Amino acid sequence: MWYKPYGKTGKKISVISFGGMRFADPKDLDASAAVVLHGYRQGINYFDTAPFYCGDRSEDIFGAAVKQMKPGTFYLSTKCGVPDGGELRKSLEQSLKRLHAEKIHFFHIWCVTSLAAWEKRKSGGAVAAALKAKEEGLIEHVVISSHLPGNELRGVLEEGWFEGVTLGYCAINFPYREEALALAGRMNLGVVTMNPLAGGVIPRNAERMGFIKGPRDESVVAAALRFNISHDDITSALVGFSNVEQVDEACRAVENFRPYEQAHLDAVRRNVKESFNDLCTGCGYCLPCPQGVAVPKMMDSYNMKILMGQDPVQIRNRLKWHWNLKPSDAKACSLCGACEERCTQHLPIRERMKEIIDLPDET
Ligand code: SF4
Ligand code: SF4
């Protein structure tokens, strides 16, 4: 395993981190904890969970594994997504209990979906409560997890509250958060990337994604993980594991791996833009929309239809679970076409908006 420094914290974390949101059978505590322990034995030392993951079982699963792990050899990450400081404190105390831990090494201010939501985290006392818990020794590092676009997330990080950030970044949508990533690098913050495999889209489209493979990459999974961890500003790629085979595949990808050279990374970036000319890359050049429509989020969700067998349900799922939006949010679009003129991929945005508008919000 390869370990990188997590920002200025003095901690080194494994370049593959264990995400606890995809256990195959979360009701089976022992079987799920065995997958965590397998990752631990392979050298993974960063374990990420949250309340509500896997039917609210994920923290208990990690807690069962932690009892069998040597103290001081691993780091726990969990989260809280409420604005109220008192509620955050209760959530933290529950997490500590479930994880059988005296402290959380990386505690995330979680699910910051808009700048308005971010303001509420401060005014409601959540950020202050996390910092107080840090002073008391219950938290080692206060960090943030967010799907905000790069420019907005950059503004939040610039405020200087956090020692690290967890953000979505993968070979399909890398331009979307580049601004935040570059700033995190300049501020020497730790960066963990979520969805490095685009939530399973990359392995499910292995043939189409084949071009991201270099001569030493045995699979698109290996290539996609290496694309992330080769980036100087990325500390670790967070992978949600279901079974030991997936853990082994990810760990193999980084064994004896020398980071890609810049020329290869640049070629992959070029190829993504050229080979995916029907996909939104998340670059954000189409903004601003005069009607306030979140065009990149809408078009990113439309990507899922293209990549997942032309199934329109995938658009609604992506909007709901990834972006906290619904198809009817596209109704604000006046079909003016301003975004199309600016789109770097020359996408038929208005046509796609009409399709999204026609989808029901619920099944
Ligand atoms: S076409 Fe719709 S989404 Fe695009 S800029 Fe005009 S109003 Fe906004
Ligand atoms: S719709 Fe076009 S301009 Fe907008 S984020 Fe996607 S690729 Fe970029």
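Trainee: What classes of residue make up the shell around ligand 2?

Mentor: In this predicted model, the shell around ligand 2 holds eight nonpolar, five polar and no charged residues. In all, 13 residues surround ligand 2, and the closest are C280, C283, G284, C286 and C343.

Trainee: Which residues are closest to ligand 1, and how does its shell divide by class?

Mentor: C289, C333, C336, G337 and C339 are the closest of the 13 residues around ligand 1. By class, that shell has nine nonpolar, three polar and one charged.

Trainee: What makes the peptide bond between L287 and P288 cis?

Mentor: Its omega is about 0°. P288 sits in the loop between α12 (262–275) and α13 (295–307). In general, most peptide bonds are trans.

Trainee: How do you know whether D48 is buried or exposed?

Mentor: Buried means under 20% relative accessible area. D48 has 0%, so it is buried. D48 belongs to strand β4 (residues 46–48). Beyond its sequence neighbours within four places, D48 is in contact with several residues, including F18, Y53, K79, H108 and L238.

Trainee: And R318, is that one buried or exposed?

Mentor: Its relative accessible area is 14%, so R318 is buried as well, given the cut-off of under 20%. R318 is part of helix α14 (residues 313–323). Not counting residues up to four places away in sequence, R318 touches N173, D300, S301, M304 and W323.

Trainee: Why is F52 called exposed, but D56 partly exposed?

Mentor: Exposed requires over 50% relative accessible area, and buried requires under 20%. F52 has 62%, so it is exposed. D56 has 25%, which places it in between, so it counts as partly exposed. As for location, F52 lies in the loop between β4 and α2 (53–56), whereas D56 is in helix α2.

Trainee: How do you know that the buried residues of α6 lie on the same side?

Mentor: The buried residues of helix α6 (residues 126–135) are A126, V127, A129, A130 and A133. They cover an arc of only 165° around the axis, so they are on the same side of α6. Among the elements covering them are α4 (85–98), β6 (104–112), α5 (115–123) and β7 (139–146). Just after α6, G137 has a positive phi of about 90°.

Trainee: What makes you say that the buried residues of α8 line one face?

Mentor: In helix α8 (residues 178–186), A180, L181, L183 and A184 are the buried residues. Viewed down the axis, they fall within an arc of 165°, so they line one face of the helix. Those residues pack against α7 (150–158), β8 (164–168) and β9 (190–194). After α8 comes N188, with a positive phi near 55°.

Trainee: Which residues touch the most other members of the largest nonpolar core?

Mentor: F18 and F47 do, in a core of 110 residues. Helix α10 (residues 220–229) gives this core its largest share, eight residues. The core also draws at least three residues from each of domain 1 (3–267) and domain 2 (295–358). There is a second, separate core of nine residues, including Y6, Y75, V143 and V192.

Trainee: How far apart are the C-alpha centres of domain 1 and domain 2?

Mentor: They lie 27 Å apart. The contact between the domains takes twelve residues from domain 1 and ten residues from domain 2.

Note on methods:
Residues numbered from 1 in each chain as written. Chains lettered and ligands numbered in written order. Predicted model: local features only at pLDDT ≥ 70, side-chain atom pairs only at ≥ 80, totals over all residues. Heavy atoms only, no water. Core = buried A, V, L, I, M, F, W, Y, C linked by side-chain atoms within 4.5 Å. Buried < 20%, exposed > 50% of the residue type's maximum accessible area, 1.4 Å probe, protein only. Helix = DSSP H or I, 4+ residues; strand = E, 2+ residues; numbered from the N terminus. Domains from an automatic or database assignment. Near = heavy atom within 4 Å. Nonpolar A, V, L, I, M, F, W, Y, C, P; charged D, E, K, R; others polar. Arc of directions from axis to C-beta. Contact = heavy atoms within 4.5 Å.
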